[in-house]
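Student: I'd like to learn how to read a model like this one, feature by feature. Could we start with the charged side chains?

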Amino acid sequence: MGTASNLKRAAVSFLVPLPSILFYLYFINHYKTSTVDGTTLSPFWSWCVDHPLLLVNALFFFNVNVLFWIISQIQKSHWMIDLYWTVIPMLLVYYYATYPLAQYNLWRSRIVIALTWIWSLRLTHNYFRREKWQWGVREDWRFTDMRGQYGKNWWWISFFSVYASQQMFLVGICLPFYIVHSVDKPLDVWDFVAVAVCLCGIVIAYFADTQLHEFVTRNDKLKELGKPTVPNLDRGLWGYSRHPNYFGEQLWWWGLVIFAWNLGHGWAFVGAFVNSMCLAYVTVLVEQRMLKQEYRAEAYRLYQKTTSVWIPWFRSSAFARKDKDT
């Protein structure tokens, strides 16, 4: 039964983006055919050609906001949006790169696409490793908390809080992809700075998530043996930052902003900024959740006093010595 459910969720995951993909492929083919034949596009297709940002938002609304939400009501879980955070940016970068009016430096495009592949594979690997290689076993704990908070109204509130909000975040933080494929300018030193920032973010997030996974795995084994668990992870990158995985993820998105800024479109920072503000709020929620767990509350309070929140830094010496003595 478990295997059948897992396969069913996997099938849904592969099929759900097909409406947008098929529509877009038909649109591109129709545009190319009309260009070769010299025929005039209908008002609808002309609108699609002239408004790439509006079109991508329309596709997101119907395929993600509406379809994902309907599926979540059937499955009684919002697990799929968590998985597609790793996929949608990949779809968006190819959308902008293949758009009829796209113009760009080929090498910059290849670099950004390659970086996005690396980022997506890392995050996808982390998702499945965390979920023990299962599809959609659980939804994000924040959605579960909101389900309990809003009760019988959650079915309609979830459309806005889970899906409509994701449209703003995902389309917003991917705006640099649009800029990269809208401006044809030779590569310069700032492109390589952007590459370095993006790669640093990916590497930091990878090691932070791996250390967290190993910590959780060790604690699970200790529980099975009936031994006391370690209350808090404060080694490796986690000895310099309470949320190094968040820091790495933010470096990735702000690295993309550097690409856009270098092309004369610094306004594209707005998506990364909103995402950072949201993650700051999530950080507060995560830490409140940690403090509610009695077995780790005291250790975590000390951890908060000694260790930087996001940006890695050396631990506070006074509190660190006290921690060591304890």
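Student: Which residues are linked in a network of salt bridges?

Tutor: Keep in mind that this is a predicted model. The idea is to look for a side-chain nitrogen of Lys or Arg within 4 Å of a carboxyl oxygen of Asp or Glu. Here D82, R130, E131 and R138 are joined in such a network. One of its links is the pair R138 and E131, at 3.1 Å from N to O.

Student: Are those two partners buried or exposed?

Tutor: For burial, the cut-off is under 20% relative accessible area, and exposed means over 50%. E131 has a relative accessible area of 7%, so this residue is buried. R138 has 47%, so that one is partly exposed.

Student: How many salt bridges are there by this rule?

Tutor: The count comes to ten. Among them is E139 with R147, where the closest N and O atoms are 2.9 Å apart. E139 is buried at 12% relative accessibility, while R147 is partly exposed at 28%. Another is D188 with K185, with an N to O distance of 3.7 Å. There, D188 has a relative accessible area of 23% and is partly exposed, and K185 is partly exposed too, at 27%.

Student: Let's move on to cysteines. How many disulfides are there?

Tutor: The test is a pair of cysteine sulfur atoms within 2.5 Å. By this rule the count is zero. C278 is in no disulfide either, and its nearest cysteine sulfur, that of C174, is 15 Å away. As for accessibility, C200 is partly exposed at 44%, and C278 is partly exposed at 27%.

Student: Now the nonpolar part. Which residues of the largest nonpolar core touch the most other members?

Tutor: For a core, you follow buried nonpolar residues that are joined through side-chain atoms within 4.5 Å. The largest one here has 69 residues, and F27, F68, Y95, W252, W253 and F259 touch the most other members. Helix α9, residues 154–173, supplies the largest share of this core, with nine residues. The core also draws at least three residues from each of domain 1 (1–132 + 143–185) and domain 2 (188–316).

Student: What does F68 touch, not counting residues up to four places away in sequence?

Tutor: F68 is in contact with V16, N63, M80, I81, Y84 and Y163. Apart from the core we've been discussing there is another, of twelve residues, including F215, W238, V286 and M290.

Student: How should I read a loop residue? Where does L41 lie?

Tutor: L41 sits in the loop between α2 (18–37) and α3 (43–50). Leaving aside neighbours within four places in sequence, L41 contacts H30, Y31, S34, S46 and V49. Of these, Y31 is ten residues from L41 in sequence, and their C-alpha atoms are 7.6 Å apart.

Student: Where does UniProt place the feature "transmembrane region"?

Tutor: Treat a record as an annotation, then compare it with the coordinates. The unreviewed UniProt entry gives this feature at residues 12–31, 51–71, 83–101, 107–124, 154–180 and 192–208. In the model, residues 51–71 are 95% helix and 0% strand, with end C-alpha atoms 29 Å apart. Residues 192–208 are 100% helix and 0% strand, and the end C-alpha atoms of that span lie 24 Å apart.

Student: Zooming out, how many helices and strands does the protein have?

Tutor: The protein has 15 helices and zero strands. Its C-alpha trace spans about 80 × 50 × 30 Å along the principal axes. Of the 326 residues, 44% are buried. Among contacts with a separation of 6 or more, 78% are between residues 24 or more positions apart.

Notes:
Residues numbered from 1 in each chain as written. Predicted model: local features only at pLDDT ≥ 70, side-chain atom pairs only at ≥ 80, totals over all residues. Heavy atoms only, no water. Buried < 20%, exposed > 50% of the residue type's maximum accessible area, 1.4 Å probe, protein only. Helix = DSSP H or I, 4+ residues; strand = E, 2+ residues; numbered from the N terminus. Domains from an automatic or database assignment. Contact = heavy atoms within 4.5 Å. UniProt positions renumbered as here; feature names shortened; annotations may be inferred.
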